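Work through the exercises below with the sequence and the coordinates open. Each task is followed by a solution in steps.

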Amino acid sequence: MPLKEIRIHGRGGQGAVTASEVLAVAAFYDGKYCQAFPSFGVERRGAPVEAFTRIADEPINIREHVYEPDYVILLDPTLLSSVDVARGVKDSGIIIINSNRPASEFRLNTKAKIETIDMTAAAMEIIGKPFVNIASLGAFAAITAEITLESVFKAIDQEFAHKKAVAELNKKAAEKLYKMFRG
Amino acid sequence: MAEKNTKKIEFTLGAVIREPGSTIKNKTGGWRAMRPVLDQSKCVRCGTCWMYCPEGAIKKDEKGNFVIDYDYCKGCGICANECPVKAIKMELEKK
Amino acid sequence: MPEIVVEASRAMALGVKLCKPKVIPMYPITPQTHIVEALAEMINNGELQAEMIHVESEHSACSALLGAQAAGVRTFSATSSQGLALMYEILPIISGNRMPCVMAVANRALSAPISIWNDHSDAVSARDQGWIQLWVESTQEAIDTTIQLYKICEDHSVLLPGMLCLDGFTLSHVYERAIVPEQEQVDAFLPEYKPYIKLDPEKPITMGPIAFPNSFMEFKKMQHEAMLQALKVIKNVHDEFAKQFGRAYGDGLLELYRMEDAEYALMGMGTLVGTARVVVDKLREEGQKVGLIKLRSLRPFPKGELINATKNLQGLTVIDRHISLGYEGPLFSDVRSALFESDIRINNFIAGLGGRDITQKHLRKALLSLKERREGGWLL
């Protein structure tokens, strides 16, 4: 597998950085090399945040920012009015948008494929709160097949080692989103 | 203290001085221009001079009298200034 | 040995924990704070038996570091940017007193304008203060080099303090795979700290006395000679580590990448080297004979090793993540001075100041500059 680069968009407090880390850990459990890092900004609640993950079969030496991601995860579609989430995405790439609207309604300046999935509904139903950052990885696993759901579960268990109940809820939400694509 | 000292300098790591109390070898009493003279008949043994002396040059003898160690007294005059009964007078050093 | 995905800051803390420091004076400053936060957590959990001293400034942190080390224990602290600048007064006192303190510097630009982001100006500016400076590229190297650094600094033929320099954010905030050595392995490699000299009421000594003009130079010369001796010790400790742990970083001083038949090469420190590896690989695929020199030890500077590594080169491009305002990149000055008697053409690019990303494009342009007869400059 050549190097795959993922950019996650969210707002400060929505957990985009944590999602990038859990994604990296999931890739690790799949036996891959990984790298996750935030956009090194000044963190403020509500401000647009970007976080990045790299996944590869070989050790990852590159340290530059991610400019041409293979995948984008948009946790909060309200960012579309202020952030160019399609920026640099490869033509062969996929942009995963948390929305209950069909992909055809999103007009983005890209040749990449757009997938929408209602992460918020799943999170509200299962977690009871609109926390979609971790659950989005279930959708990512189903849509891209770059990581396995099993490893996402392991990574969630590791992240929430001291909050077992939170881990279980996030796993359920991730699984629900996974099954929406791979029944 | 090596400038005037003809003694060979010991080049230890970090310039550490291994031998404790080496300043005793440097008799700084020679720097004195004014000499404190303690009048034992006026002294009330309060120990104020002993506490204030920045050089530790005032000692208590076996009789409980305070005595000035002229080997190290630099003649700063703090003792004379602090003495509550004016038992210490500063006199010009005769050399 | 467990392999984990870990933030480099936390990995640093895990590396430090394995070395069992007894006193950790700390003052928080981004992007270093995660390191000492993790150590505070370990102390609180009882995983690390150490005293953490919460001081009121970096100046005090550095002073407490000196005091604790003088009292005869292994110590650790960490800082960044203006925090290191505030420690400056104490840095040469620690080295002059020959105290083998170890400190991490999560490299960050010096203000103004205010920047919390990475460049090398903090530690490079402190280059002449008698601290060994080892610069790392990856999380694994940060852990491994921390363990090595204690052993290097504490070697009785060295007895100098050491800075472990890791790029702030660009490395400190990155999650990646790393192997955390087992405690028994580290114990077998790094013996318990035995101070060469310490403050002991039973055996009083004087530390930090005055040295008059008739002796000061000799003491400085001793420090300089210890630094030169450290070149050997860094290599030996690195080799011993490589043998025991199975991971090597060149010869410990320089790490050469695809230099065998290289005609042109890039040289730099820290994370930019990782991106440069990728650039070198791509240029090699295009048939360009290019290589890469990673400098691990800025002080002491491995002059002989550099001369050896570059003897078949036609051109060497030095990337500085710092500028000596009014002159040039300080690493470039060092390199050019070391290679003064060689015929190699050398040029210099200033890059990555205040968190500016150093991209493949930048490094490709820099690496081909001498071949294409272009001058150095700023990679903006």
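**Exercise 1: chain A**

In chain A, 49% of the 183 residues count as buried, where buried asks for 20 or more other C-beta atoms within 10 Å of the residue's own, exposed for 12 or fewer, and partly exposed is in between, with C-beta atoms placed from the backbone. The model is predicted: local features need pLDDT of at least 70 and side-chain atom pairs pLDDT 80 or more, while totals for chains, interfaces and linings use all residues. Residues are numbered from 1 along each chain as its sequence is written, and chains are lettered from A and ligands numbered from 1 in the order in which they are written.

Task: compare the radius of gyration of chain A with that of a compact globule.

Step 1. The radius is taken over C-alpha atoms, and the globule rule is 2.2 Å times the number of residues to the power 0.38.
Step 2. For 183 residues the rule gives a value near 16 Å; chain A has 15 Å, which agrees.
Step 3. Along the principal axes, the C-alpha atoms of chain A fill a box of roughly 40 × 40 × 35 Å.

**Exercise 2: the sheet in chain C**

Step 1. Strands are DSSP runs of E with at least two residues, helices runs of H or I with at least four, both numbered from the N terminus; two strands pair if DSSP finds at least two bridges between them.
Step 2. The order of the five strands is 4-5-7-6-12, with mixed pairing.
Step 3. Inside the order, strand 5 (residues 102–107) and strand 7 (residues 162–167) of chain C are parallel, over six bridges. C:Met103 has C:Met163 in strand 7 of chain C as its bridge partner.

**Exercise 3: C:His238**

Task: decide whether C:His238 is buried or exposed, and list its contacts.

Step 1. C:His238 lies in helix 9 of chain C.
Step 2. C:His238 is buried, because it has 25 C-beta neighbours inside 10 Å.
Step 3. Leaving out residues up to four places away in sequence, C:His238 touches C:Gln148, C:Tyr249, C:Asp251 and C:Gly252, a contact being two C-beta atoms, placed from the backbone, within 7 Å.
Step 4. C:Asp155 is 83 residues from C:His238 along the chain, and their C-alpha atoms are 13 Å apart.
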